[in-house]
Amino acid sequence: MGRPPKITPDINQTVQDEILRDPKIGGISLSHIILNTLLISISSATVNLIRNQLKLRFQSPRRRPFLTEGHIANRITFC
């Protein structure tokens, strides 16, 4: 018997729609969207599990370091 699953077809559809809208959205952001729209609290790990079950590949956003004033000055003097 056990506990009934928290993952419903509505949650699956919401995750799929949001990932297709923004492929680089993270699990935490998706769990907040589900909380706001469906009023169901699920963890980011559960969202990533749903993402893997739907065979949707996650593309994490590339981190780009910010340039400091010193970096900008060095680039200008290099040119």
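Mentor: What follows is a walk around helix 3, then to other places in the model. This is a predicted model, where local features need pLDDT of at least 70, side-chain atom pairs count only at pLDDT 80 or more, and totals for chains, interfaces and linings use all residues. Residues are numbered from 1 along each chain as its sequence is written, and side-chain values use heavy atoms, with hydrogens and water left out.

Start with the helix itself. Helix 3 spans residues 44–53. Helices here are DSSP runs of H or I, at least four residues long, numbered from the N terminus. Within helix 3, V47, I50 and R51 are buried. Buried means under 20% relative accessible area, exposed means over 50%, and partly exposed lies in between (1.4 Å probe, protein chains only).

Now turn the helix over. The face turned away from the buried side carries exposed residues: A45, N52 and Q53. Cover for the buried residues includes helix 1 (9–21) and helix 2 (27–38). Contact here means heavy atoms within 4.5 Å. Just after helix 3, K55 takes a positive phi of about 60°.

Next, helix 2. S29 sits in helix 2. At 36% relative accessibility, S29 is partly exposed. S29 is 18 residues from V47 in sequence, and their C-alpha atoms are 9.6 Å apart in space.

Then helix 1. The structure holds one salt bridge, meaning a side-chain nitrogen of Lys or Arg within 4 Å of a carboxyl oxygen of Asp or Glu. Side chains of opposite charge can pair when their charged atoms come close. Here the partners are E18 and R21, at 2.7 Å, N to O. They are three residues apart in helix 1, which means a separation of about one helical turn. E18 is buried, at 16% relative accessible area. R21 is exposed, at 58%.

Last, the surface. L67, I72 and I76 form a nonpolar patch with about 270 Å² of accessible area together. Such patches join nonpolar side chains (Val, Leu, Ile, Met, Phe, Trp, Tyr) within 5 Å, from residues with over 30% relative accessible area and no salt bridge. Areas come from the Shrake-Rupley method with a 1.4 Å probe. I72 belongs to helix 4 (residues 69–78). At 35% relative accessibility, I72 is partly exposed.

Notes: Helices (H or I, at least four residues) and strands (E, at least two) are DSSP runs, numbered from the N terminus. Patches are made of residues with over 30% relative accessible area and no salt bridge: like charges are joined within 9 Å, nonpolar side chains (Val, Leu, Ile, Met, Phe, Trp, Tyr) within 5 Å.
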